[in-house]
Amino acid sequence: MTPLAQPRLFRNGRLFDGKCFLDNCDLRSDANGLIAEMGQDLSRQSGEQILDLEGRLLLPGLVDCHVHFREPGLVRKEGYLTGSTGALHGGVTTVLEIQNNPPLMENADLLKEKMKNLCGVSRIDFAPYGSLTLNSMDNLDGMLGLVPAVKCFLGGSTGSGGVPNLDVMRQLFSAAKKAGHKVVAHCEDDALMRKALEEATPETAERHDLMRSREAETKSIRDAISVAEETGVQLHVFHISTGEGAKCVVEAAERGLPITGTTGPHYLLVEAEEAAQASQNRFKVNPSIKYAEDRETLISILEKSLLQGVGTDHAPHPLEDKDRPYRKSPSGFPCIDLLLPLMFAVHDRFGLSLERALASVTRDPALEFCLAQKGRLAVGADADFVICDPQKKTTVDETSLPSKSKWSPYNGWELRAFPEQVYLRGQLVFEGGEPIGDPCGRPLFL
Ligand SMILES: [Zn+2]
């Protein structure tokens, strides 16, 4: 049973509906946790609480389509309670989550158990992806309807479940197509990465962008697109870091293939040189952070709505793990706590329009993964909102972030538009930097 939400009327705000800004628009949320009405000068109904936004921005709760919360199995590094609290801090009310540590989500029973166990733990709504591996191939029918897509790792990363060659990729993609799943993929070519390691010189050996090169990503994306074309499966390429990789996805889509993709905030904000100089490998991530030219291409493609948004790839590790020497330092970093301010930074620093920056973390991923209730302000949609003051700047203090690791590669950055209040299905769940009430997040597909 859904607990009844307090009906509310939000007034005097600037609304972003997932696509455009609406000035002088009021919004009413009802006791069922849905948006009941939007329009000018709405009058108060009995029992309704009125909130004067005083010109602040109200936007849909963000949808992060790529996070690792590591529960079950590795809660030493993160968990749903800390991860989802960090999410609220970043304005995120829905995550699509990838289990990349054992147990991989290789059958329906594991998925159902995971989702059940997380009720009462997660502060936000969530949907785990299924794992697409040789072990899960026979279980894909049973997973249909329980997951937004199935995840395939092409090329080794921090997690488990890689694909050793094109024949295996063909088998996996065919099985996903037969069962009716979309495939989401991490694309980097193992052979090219191994070769770079063998050929490393003292000058290049610690440059992550050279060990995991542009070519490694673009070759893997090309291979994945060609196998997707052959098998007819829908393919979504995650966290695209190169301009060339993004162009491959766009060209395939223009040829009518069901190929889509997303990028990550760090590929839009940071360059390889800066990543290499960051202390203690903090920007070490897979795929590696690339170059100004890549960033410019990614931004121009996002501006034209030709990619399906941005996901954080929130992948926390304790600082003592991250602090190891380059080769032994695990890839990935916490990011979800800062998603909304980082998207404002992409706009401020590199000129992506604010509409497209915000749509990339609301409407676009919700559309891509068929989450009709999420990512937009519209009558009948879930009353998931973020309220923030876009003019207010804050310097990132890593120790104050709610997710588990307590460090951030963005420590010390001055950012704006930190969420002041967050609502999930009409309930106030975050205010003034703190979560409110018991965790009430729900699985989207159970
Ligand atoms: Zn990831």
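**A buried glutamate and its surroundings**

Reply: Let's start with Glu 217, which sits in helix α7 (residues 214–231). Helices here are DSSP runs of H or I with at least four residues, strands are runs of E with at least two, and both are numbered from the N terminus. A quick word on the source: this is a predicted model, where local features need pLDDT of at least 70, side-chain atom pairs count only at pLDDT 80 or more, and totals for chains, interfaces and linings use all residues. Residues are numbered from 1 along each chain as its sequence is written, and side-chain values use heavy atoms, with hydrogens and water left out.

So what is going on with Glu 217's charge? Glu 217 is buried but has no salt bridge, and the nearest side chain of opposite charge, Lys 290, is 4.9 Å away. Buried means under 20% relative accessible area, exposed means over 50%, and partly exposed is in between (1.4 Å probe, protein chains only). A salt bridge needs a side-chain nitrogen of Lys or Arg within 4 Å of a carboxyl oxygen of Asp or Glu. For charge, Lys and Arg count as positive and Asp and Glu as negative, while His and the chain ends are not counted.

Leaving aside neighbours within four places in sequence, Glu 217 is in contact (heavy atoms within 4.5 Å) with residues including Cys 187, Glu 188, His 239 and Pro 287.

Now for some pairs that do meet the rule. The count comes to 30 salt bridges. One of them joins Arg 56 and Glu 420, at 2.4 Å from N to O. That pair links distant parts of the chain, with Arg 56 in the loop between β4 (49–52) and β5 (57–60) and Glu 420 in strand β17 (residues 419–424), 364 residues apart. Arg 56 is partly exposed, at 22% relative accessible area.

Asp 382 and Lys 374 form another salt bridge, their closest N and O atoms being 2.8 Å apart. Asp 382 is buried at 10%, and Lys 374 is buried too, at 4%.

Finally, the zinc ion. Its protein donors are His 66 (NE2), His 68 (NE2) and Asp 313 (OD), lying 2.1 to 2.2 Å from the zinc ion. Donors are N, O and S atoms within 2.8 Å of the metal (3.2 Å for Na, K and Ca), and water is not among the atoms, so sites may look incomplete. His 66 is buried at 3%, and His 68 is buried at 4%.
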